[in-house]
Amino acid sequence: MQLDCFDHAILVALQRDATVSNAALAEVVHLSASQISRRRAALEAAQVILGYTARLNAGLLGFGLRAITRVNLRSHGHGGDRDFARFVAGRPEICAAFSVSGDADYVLDIRVRDLDAYAAFIHDWLLPQTQVGQVRSELVLKTLKDRGGLPLE
């Protein structure tokens with residue numbers, strides 16, 4: 001899909017505030033609300049826009065611990081990778097997961113209430129996975145930047 005300056009402006013505005021109405025977007029982008037609606041639907045259909053979410057304050061909601069956890073599998077093969085991917089998809093504590101290059105096979109972004117909950121997750125759920133060979137964790141002490149989104153501006 002070819003994006004023009006209007007599409008780009010729509011994406012920038014939606015990334016700032018996904019709750020903005022088509023009428024408000026029309027004022028910012030200088031198109032009619034109906035044109036905004038059609039373009040927005042086209043961006044969604046083309047999967048340029050994958051969905052809409054609310055950014056929540058983890059601390060205020062009781063999720064006081066964030067861990068970046070690096071996982072190495074015991075062996076590499078389609079079955080083990082697929083089983084691990086299924087495990088990751090089924091665990092609500094894992095907010096993001098990435099297959100990476102470097103000294104880890106996967107990097108997990110895990111959010112839990114506290115250190116006890118993290119220890120329980122590691123010992124009761126992650127380590128018992130037969131394909132998991134090694135786990136290394138970094139606990140996030142302070143978040144310097146976590147805006148999400150893409151650098152469109």
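Student: Leaving aside neighbours within four places in sequence, which residues is Y52 in contact with?

Tutor: Y52 is in contact with L14, A18, R40 and E44, where contact means heavy atoms within 4.5 Å. This is a predicted model, in which local features need pLDDT of at least 70 and side-chain atom pairs count only at pLDDT 80 or more, while totals for chains, interfaces and linings use all residues. Residues are numbered from 1 along each chain as its sequence is written, and side-chain values use heavy atoms, with hydrogens and water left out.

Student: Where is Y52 found?

Tutor: In the loop between α3 and β1. Helices (H or I, at least four residues) and strands (E, at least two) are DSSP runs, numbered from the N terminus.

Student: What joins the side chains of Y52 and E44?

Tutor: A polar contact of 2.5 Å. The Y52 side chain also makes a polar contact with that of R40, at 3.2 Å. A polar contact is a pair of N or O atoms within 3.5 Å; within protein, one must be able to donate a hydrogen and the other to accept it, and residues adjacent in sequence count only if both atoms are side-chain atoms.

Student: Why does Y52 count as partly exposed?

Tutor: Because its relative accessible area is 36%. Buried is under 20%, exposed is over 50%, and partly exposed is in between (1.4 Å probe, protein chains only).

Student: On to α1. Which of its residues are buried?

Tutor: D7, I10, L11, V12, A13 and L14. The elements covering them include α2 and α3.

Student: What caps the N-terminal end of α1?

Tutor: D4 does, with a side-chain oxygen 3.0 Å from the backbone nitrogen of F6. F6 itself lies in α1 and is partly exposed, at 28% relative accessible area. Apart from residues up to four places away in sequence, F6 touches V29, H30, L31 and R39.

Student: What should α1 span?

Tutor: At 1.5 Å a residue, its 12 residues should span 16 Å, and the end C-alpha atoms are 17 Å apart, which agrees. The expected span is 1.5 Å times one less than the number of residues.

Student: Back to H30. What is its phi?

Tutor: Near 70°, a positive value in a residue other than glycine. H30 sits in the loop between α2 (22-29) and α3 (33-45) and counts as exposed at 67% relative accessibility. Q47 is not a glycine either, yet has a positive phi of about 60°. Q47 is in the loop between α3 and β1 (65-73), and at 58% relative accessibility it counts as exposed.

Student: How much space lies in the largest pocket?

Tutor: About 1500 Å³. On a 1 Å grid over the protein atoms alone, a pocket is an open set of points where a 1.4 Å probe fits, with protein on both sides within 12 Å along at least five of seven lines; lining residues have an atom within 4 Å of a point. Points are joined across faces, edges and corners, and the volume is the space filled by probe spheres set on them.

Student: Which residues lie nearest its centre?

Tutor: T53, R55, R147, G148 and G149, out of 39 lining residues. The largest share of the lining, 5 residues, comes from α1.
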